[in-house]
Each structure stands twice: as C-alpha cells, then as structure tokens.
Amino acid sequence: MKIVCFIGILMMIISGATWAGTSGKTAPAGEVENILEMNVVPFESLSTVLPEFRKYDTPAGGVIIAAFTISNNDSNGFQISLKSEQGGRLIRFVDGQYVSNVKDGDFIYYTIHLERGPGGQLGGEMPPENERMNLDLSSEILVQFDDQLDVSTIEAELNLMINTKAKENLFKGQYKDVITFVIADL
Amino acid sequence: MKYIIWLIFSFCWFFVPVNADDTTINGDLDSIININVVTDNQLKQQVPDIRLQSTPPNGSTVARIYCNNNNYNGFSLTFVSDRLGRLVFFKNNEYPVDEKDGHFIGYTLDLIQGETGQLGIDMPPEVERKGFTLYDPYIIYFNDNVQEATYDAEFILKMHTVKKASLFHGVFQDTITVTITDL
C-alpha cells in the first residue's frame, strides 16, 4: 500500500512539473537595409582662384575642386578609391582631347587633400592626415573610413582640394584630368 | 427470552437512523499556472527598415502570449529583456562586444488583450501595460476584479520603435522572457 501511495505521489509530481511552464521567450527582430551612396559635385574654382598656375603655387591648403556627399551604414565603415585618368597630372587639352605626345610643357603634377566639409554626419573620425593629405594619384589611392565608428554616415560632406606647384615651362592652354571616385563597404 | 431479543432488535432498529453520520464531500483543485509565448514577429513586415521608418501608431506585434492561471488572487507577468530594452545589432550569431550608438535602437512595449481564451480578471489600467520599457524587469499585475480562473487567455505584445537614421545596416534583435507568477 505504501508503494502504491508513493508511486501515486510521484506521478502527481511528475505530471505537475511537465505541465507548469511558467515562462517563455520571444525574440523580436528588425532590419536595417544597406546604404552606400556618393554624390560628387565638381567645382570649376581652380581657374577662378588660380588663373595662372604656371606662375603661382596653389594657396596653402589647396583649392577646392569637388565636394561630395556620402551615405553609408556599414558597421565596419567604408573606403573611397580615387583614380586619375592621367596619372595624377593635369594634361593640356586641345580640341576636345588630350595632346597625344605629352611633352614636359604639356602637364603639371598635382596632389590632393581630402577634407571634412561642414554638412552631414560622419559616423566616425576622419582618417589620419597621412592617409588623406598630399595624395599622389599616379596610382589608385584607397582612403579608409573605419576609425572610431559610432554611427552610420549620413550625407557627410567631404571636400577635395588640389595642390599644384608653379611650373614656368608650361604651354598655354587648358589643362585637365578626370578623377573617378568609388565608394565601397569595408 | 424471545421477548428480550425482540426488544434489543427493536431498539437497534429505531436507533440505526439516529446513529447515521453526515457525509462530507471533499474535492481538491490543483494549481494551474502556465504560459506559452509564441513569437509572432510582424516588425520586419510592417517596418522593412527601422532606420528610416517608425512603427505604426499601434505598434507592431512581436509575440502572442497565452496564460492559464486559477489563483484567486490573480497573477503577474514579468518581462525581462536580454539587451536592456533595445534591439541590438546581431551579426554572425553574436552581439557587438564594443557597442556603439549605431548598434542599437530602443523600444517600448504595449500589452493588449487578444481575442481568444478567457481572462477571469479585468485587464490592468493602460498606464500599467502600455508604453513600458525593459531597461529593468517590468511587472504587470493581473489582480483587478478577479472573477474566475483564466484559461488560455491571449495577450498580444506590441513593440514601438522610433526611426533612427544613424543605425548600421543589418539585423537588430533582442530576447524577451515572460514569466507568470501567482499573486
């Protein structure tokens, strides 16, 4: 009889334990889509600010030639590649094309600064100066924006500044290059 | 002798009804207390991008909760968040170790009564069950006007988020544990 009672009590305990689920979990989740955008606004200011770059250096800090806005929300940041069509030189441009046989008087080297503009929100800090100042575009350059990333970048304005040194032996005429920017997630 | 036996028998006969006792009928009712939390995440459908859009005015359903309880004092529901009441960036099955502002978005919750089951108690006042946060565990008491046991009573958990433009892209997640307790 004692054994029967014991089994009965045991059954009650077991059935009670199985039945009494007193907590449960739910896992709400939401998503954020990827943004990766860049808009470039070219400026014509070099001719205005420095009408004769044969004789004069650009002012300290350079002359703005483009402003661009960037939006990106990758948690690792982004990078911008800069590639020059003419190997980091302004080349004399005649009748809608570059001169075919480039002499020393047909080009002038330049360097680039990448600076933070006033608008928008940059999600992290600007890269160190040695990674974004005096950039020589004789080959493609990558600038990475991945320092102290706290939030996403929303329409952050960056300015591209050009620097040239006076070069007396330039031929007269118009000088040109095309710089291509590509933004990519890291 | 026969007369004596007859007297004794008669005595017993008359006294048998007098000796009958009252019958007490006892029945025990076991305690019932259980909960079933069913994830019903409508946030992704209703708000495809929580960076750009807020939840609808009435919130987005994130769970359905089914409760059984027969305590005559009622019960309570305790809500505990794994992530301090925020949806947190979740990548490669883990949360960020070094959490930045772009890694999370806060939320508030509403608990409303569903359409199914039987709630033997009045719903708590709205002030006690709407717009609450889970920075700390939050308890809702169901003890107003207890009339009967609660059986498979359905509750709907609604979430509110306000768009946050600075979020990184990816999945944002939390885990909420709901516990039922007798009062």
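In this predicted model, Gly106(B) touches Gly85(B) and Arg86(B) once residues up to four places away in sequence are set aside. Along the chain, Gly106(B) and Pro125(B) are 19 residues apart, and their C-alpha atoms are separated by 24 Å.

Strand β5(B) takes part in an open sheet of four strands, ordered β2(A)-β10(B)-β4(B)-β5(B) and paired antiparallel. The edges of this sheet are formed by β2 of chain A and β5 of chain B, each of which pairs on one side only. When direction is ignored, neighbouring strands of the sheet are turned by 25° against each other on average. Within the sheet, strand β4 of chain B (residues 86-90) and strand β10 of chain B (residues 170-173) run antiparallel and are joined by three bridges, and Phe90(B) stands opposite Val171(B) in β10(B).

The two chains also meet through a further strand pairing, in which β1(A) runs antiparallel to strand β11 of chain B (residues 176-182) and is joined to that strand by four bridges. Here Ser23(A) has Thr179(B) in β11(B) as its bridge partner. The two pairings of strands described so far with a stated number of bridges are set side by side below.

| Strand | Partner strand | Bridges and direction |
|---|---|---|
| β4(B), residues 86-90 | β10(B), residues 170-173 | three bridges, antiparallel |
| β1(A) | β11(B), residues 176-182 | four bridges, antiparallel |

Taken as a whole, the contact between the chains draws 27 residues from chain A and 41 residues from chain B. On the side of chain A that touches chain B, the elements giving two or more residues are β1 (23-26) and β2 (29-32) of chain A. That side of chain A has, by class, ten nonpolar, twelve polar and five charged residues.

Chain A contains three helices and twelve strands, and buried residues make up 24% of its 186 residues. Among contacts in chain A between residues at least 6 apart in sequence, 78% join residues that are at least 24 apart. Leu160(A), found in strand β10 of chain A (residues 153-164), counts as buried because it has 23 C-beta neighbours inside 10 Å. Leaving aside neighbours within four places in sequence, Leu160(A) is in contact with Ile64(A), Ile65(A), Ala66(A), Ile112(A) and Leu114(A). Leu160(A) and Ile183(A), which are 23 residues apart in sequence, lie 15 Å apart in space from C-alpha to C-alpha.

The confidence of the prediction bears on how chain A may be read. Chain A averages a pLDDT of 84, and 87% of the residues score at least 70. Among the elements of chain A, strand β8 (residues 107-116) has the highest mean pLDDT, at 94, whereas helix α1 (residues 2-19) has the lowest, at 39. Over residues 1-20 of chain A the pLDDT is below 50, and beyond near neighbours in sequence this stretch has three contacts in the model. Where pLDDT is low, the predicted coordinates should not be read in detail.

Technical notes:
Residues are numbered from 1 along each chain as its sequence is written. Chains are lettered from A and ligands numbered from 1 in the order in which they are written. This is a predicted model: local features need pLDDT of at least 70, side-chain atom pairs count only at pLDDT 80 or more; totals for chains, interfaces and linings use all residues. Two residues are in contact if their C-beta atoms, placed from the backbone, lie within 7 Å. Ala, Val, Leu, Ile, Met, Phe, Trp, Tyr, Cys and Pro count as nonpolar, Asp, Glu, Lys and Arg as charged, and the others, Gly among them, as polar. Two strands pair if DSSP finds at least two bridges between them. A residue is buried if 20 or more other C-beta atoms lie within 10 Å of its own, exposed if 12 or fewer, and partly exposed in between; C-beta atoms are placed from the backbone. pLDDT is the predictor's confidence in each residue, from 0 to 100. Axes are lines fitted to C-alpha atoms, for helices over the stretch in contact, and angles run from 0 to 180 degrees between N-to-C directions.
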